[in-house]
Each structure stands twice: as C-alpha cells, then as structure tokens.
Amino acid sequence: MIELHPTQPSKERITDDIQQLAAFVDSSKPGWTRRPFTSWYEQGREWLKQQMQNLGMDVRYDAASNLIGTLPGSDNSLKPILIGSHTDTVTGGGRFDGIIGVVAGLELVRVLQKVGIQLRHPLEVVDFTAEEPSEFGISTIGSRGMVNNLSEEMLLRQDPNGLVLKEAIHRAGGQPERLSQFARKSGDVALYLELHIEQGPVLEQSDKKLGVVTGIVGIHRYRVTVEGISNHAGTTPMTMRWDALTGASELILELESIARATYSEPVVGTIGKLYVEPNASNVIPGRVVFELEIRSLNVEILEQMVVVYREKANRIAEERGVHISFDSLSKSEPIRVDTEVQQVIHEACSVTASTIRLPSGAGHDGNQLSRIAPIGMIFVPSRDGRSHCPEEWTDYEDVTLGVHALIQSVLVFDQKLNS
Ligand code: GLV
Ligand code: MN
Ligand code: MN
C-alpha cells in the first residue's frame with residue numbers, strides 16, 4: 001500500500017488556470033478553438049510560460065518547439081520525470097482536452113513547493129507542440145520531434161497557405177535543423193506521465209472517477225484522392241458521367257463497413273475531412289479528396305484493414321472509371337502501458353477515488369514518448385462521453401481528483417525509480 005502524502009491540490013487554482021487558458025481562443029470559430037501555430041496558441045503559451053516562471057521554473061522551448069518548465073531535483077545523476085500534455089485544440093474543441101494535463105503540471109509544482117518537497121528527479125512540465133492533427137496533416141508534432149520521429153519529408157510538408165512545417169516550428173521557438181542533435185534517446189527520460197480526460201463514456205457509465213490507461217491505440221491516416229471528370233450537371237446523361245463524388249461516397253461507406261466487421265480487438269474508422277471540386281451545384285464533381293483514419297490497439301488489424309480497403313478502392317475505380325490514389329499521412333503505432341507502471345498508478349488512483357483500468361481510443365503524446373521511456377496515463381470522466389466538441393466537459397472536482405492521483409503517482413515513482 002502506498003503512503004498517502006498530505007498533498008491536496010486546489011480545485012480553485014485548477015479551475016482558474018483552465019478558465020484563464022480558455023480565454024486565448026479564436027472567437028471566429030465554434031467552441032474553444034486554439035489551433036497550433038496561430039496567434040491564439042502563441043498567446044496561450046506566453047501565459048503558460050509566465051505561470052511557469054512565476055513558480056521559479058527554468059523555462060525554454062526545445063528544438064521541436066515544445067514549451068518546457070524545469071524544476072531541479074535533489075539528485076543530479078537522475079534523469080527527468082516528464083509531466084505534460086498539449087494546449088492546442090481541434091477546431092470547435094473544448095476546454096479540457098490536453099489542457100488539464102498541462103495545468104496538472106503547474107499544480108503539481110505548486111503543491112510540492114507548498115509542502116516543501118523536493119523531488120529526487122528533475123521534473124519537466126511539458127506543453128507538447130501541436131498534438132492534434134495540424135494543417136500539415138500530422139499530429140503529435142512536438143512529441144515526434146522530441147524523440148526524433150519527425151522525418152525530413154514531414155518537416156518539408158506545407159499547410160494550405162504554403163507555410164513549411166520547418167518554418168512553423170522555427171517561428172514557434174524551435175530549432176528544426178537541430179532536432180536529431182537534441183533528440184531524447186532511450187534512457188534519457190525516467191518516466192512520462194499524463195493526466196487527460198477520457199474523451200469516451202466508459203468511466204461515466206461505470207460510475208468511476210479515475211482510469212488507469214492500459215494501452216493507447218495506433219492511428220494510421222491516409223489522404224485519398226478520387227479523380228473523375230467534371231462536366232455540365234444538366235446536359236450530361238447519367239450514363240456518361242465519371243463523378244468523383246459518387247465514387248468517393250461508395251468508398252466512404254466501404255470504410256464504415258470494414259470498420260464494422262468483427263475483429264479480435266476493437267477498431268474504428270473515420271472520414272472527417274472532405275473536399276469536393278469544383279463544389280458547385282450545377283457541375284459534376286471532378287475531384288474529391290478526403291482524409292481517413294483507422295485506429296486499433298492491434299497493428300496487424302490496422303494493416304490488414306488497409307489492404308482490404310485498397311482492394312475495394314481498386315474495384316470501385318474500375319467499375320466507375322475513376323482514378324483513386326492513396327497517400328500515407330502519418331502512422332502512430334499502438335502501445336501497451338507497462339504493467340508495473342499501471343500497478344503503481346492504480347494504487348495511487350485507488351487511494352484517491354474509485355478506479356478502473358481502460359485502454360485509450362484517443363491518440364496521445366505518450367505514443368511517441370514510449371519510444372524512449374516508460375509512460376503512464378490517468379483518465380478522468382468526460383460528461384456524456386463527449387470530446388472534440390464544444391460540449392466537452394469534466395467536473396472540476398474530477399479534474400482535481402485526477403491531479404491528486406497524478407501527484408501521488410509522481411511521489412511514488414520519484415522514490416522507486418533509480419535512473
Ligand atoms: C487526439 O485527440 C486524437 O485522438 O485524435
Ligand atoms: Mn484531442
Ligand atoms: Mn488530447
């Protein structure tokens with residue numbers, strides 16, 4: 001049984017931090033929108049940097065433009081424990097996804113200072129750059145960069161305005177040309193821990209307050225282009241059309257049907273982004289581009305789904321006389337959380353509130369960090385299982401319970417880990 005430290009986080013301070021960050025949003029967009037590499041994102045990070053500095057932390061941007069506040073440990077030979085998440089949001093997102101993990105880092109530091117505990121390990125509170133899918137078609141940009149998993153091809157990708165990712169990272173305070181030089185390698189980080197909202201219904205439906213994450217899904221994303229022939233919508237007989245949108249529609253429904261088939265582990269497939277050209281009511285669509293993603297805890301299933309899907313695409317292309325091509329946008333592989341790490345977190349959570357173990361259907365920076373360090377995650381409930389929408393909500397009491405469990409976990413790991 002772990003020893004409970006008198007380390008009560010403050011619901012008021014946590015609420016205040018979340019509400020302050022919620023002010024830095026693009027009000028022309030729905031919900032709480034703070035897209036990466038925008039002025040609202042920069043303003044939010046400036047606020048965060050100020051909070052870290054007020055706590056006496058040493059604050060810097062690393063080569064991948066992650067914002068990092070460091071608190072020295074008492075034993076300089078030990079590697080840092082990292083606590084973090086992200087402050088970017090999807091368009092029309094909420095106030096909690098990512099944000100609570102960063103706010104938890106601030107509150108951890110305040111509590112340690114208040115009770116006068118210095119950790120043995122250095123502590124780094126990290127706001128990872130661009131965790132959500134960015135305009136460059138890549139997610140978890142900062143954590144990929146931190147572990148040297150941002151390829152040159154990715155760094156040279158352009159957003160719809162022609163901005164190159166390298167330049168975006170540079171403007172955000174990073175040094176993209178020195179990513180490999182400063183990359184963290186296996187053994188450079190003692191542990192990565194993240195508090196996050198569940199973003200699904202499991203905790204709420206099981207009437208539990210805390211979740212110990214057992215694994216995180218892998219996500220494979222593709223851009224699919226369907227090319228037909230645009231023509232006059234009134235004069236072209238139905239038998240003389242090569243309509244890119246009807247072809248794409250068939251393909252879109254195929255993904256749903258493949259994802260609904262029965263597999264040994266759950267899978268999901270989504271097409272959430274679609275462009276139609278020329279997008280005019282009286283013109284037969286000549287070109288459709290959509291972005292699809294599939295997720296599972298089992299990488300073989302993901303790969304098998306893509307093979308089947310591409311076969312279906314070939315059949316549709318042949319039958320309809322359209323051309324269909326696939327570009328891989330990104331792959332993050334599924335990970336399992338080490339059972340010993342889960343056990344420590346489970347004990348820390350259980351002394352705080354009712355706890356279950358569950359996998360994460362959302363992707364996280366932990367997928368990348370797991371390449372170099374053990375990782376662990378704690379979930380708190382999402383009301384009605386909603387997330388990536390303005391209705392996303394977690395009671396502040398529950399966020400505070402999560403922060404408490406995170407603090408307890410850090411204290412135990414700090415004693416337990418000897419590297
Ligand atoms: C991140 O929020 C993701 O799961 O897409
Ligand atoms: Mn998200
Ligand atoms: Mn998130």
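Okay, one term before I start: when I say contact, I mean heavy atoms within 4.5 Å. With that in hand, here's the number I'd open with: among contacts in the chain between residues at least 6 apart in sequence, 79% join residues at least 24 apart. And please keep in mind throughout that this is a predicted model.

Let's do the overall picture. The chain has 13 helices and 13 strands. As for burial, 57% of the 419 residues count as buried.

Now, the metals. I'll start with the manganese ion that is ligand 3. Which protein atoms hold it? The donors are His86 through NE2, Asp97 through OD, and His196 through NE2, and they lie 2.1 to 2.2 Å from the ion. Written as a sequence pattern, the spacing of those donor residues is H-x10-D-x98-H. There's a neighbour too: the manganese ion that is ligand 2 is 3.6 Å from ligand 3, and Asp97 coordinates both.

Where do the two histidines come from? His86 is in the loop between β3 (81-85) and α3 (99-115), while His196 is in strand β5, residues 191-197, so the pair ties together parts that are 110 residues apart in sequence. On accessibility, the cut-off for buried is under 20% relative accessible area. His86 has 0%, so it counts as buried, and His196, with 1%, is buried as well.

What does it pair with? Strand β12, residues 355-360, runs parallel to β6 and is joined to it by 5 bridges; in that pairing Gly211 has Ile356 as its bridge partner. Then there's strand β13, residues 375-380, which pairs with β6 in the antiparallel sense over 2 bridges, with Val212 partnered by Ile378. Strand β11, residues 335-336, is also antiparallel to β6, again over 2 bridges, and there Gly215 stands opposite Arg336.

Last stop is the open sheet. It has 4 strands in the order β8-β9-β7-β10, with antiparallel pairing. β8 (267-277) and β10 (323-332) are the edge strands, so to speak: each of them pairs on one side only. From one strand to the next, the twist averages 15°. For one pairing in detail, take β7, residues 218-227, with β10: antiparallel, over 9 bridges. Within it, Arg221 has Ser330 of β10 as its bridge partner.

And which helices go with that sheet? Helix α9, residues 244-260, packs on it, touching β7, β8, β9 (287-296) and β10, and its direction makes about 5° with that of β9. Helix α10, residues 299-320, lies across β7, β8, β9 and β10 too, but runs at about 155° to β9.

That's my tour, so over to you.

Note on methods. Residues are numbered from 1 along each chain as its sequence is written. Chains are lettered from A and ligands numbered from 1 in the order in which they are written. This is a predicted model: local features need pLDDT of at least 70, side-chain atom pairs count only at pLDDT 80 or more; totals for chains, interfaces and linings use all residues. Side-chain values use heavy atoms; hydrogens and water are left out. Two strands pair if DSSP finds at least two bridges between them. Axes are lines fitted to C-alpha atoms, for helices over the stretch in contact, and angles run from 0 to 180 degrees between N-to-C directions. Buried means under 20% relative accessible area, exposed over 50%, partly exposed in between (1.4 Å probe, protein chains only). Donors are N, O and S atoms within 2.8 Å of the metal (3.2 Å for Na, K and Ca); water is not among the atoms, so sites may look incomplete.
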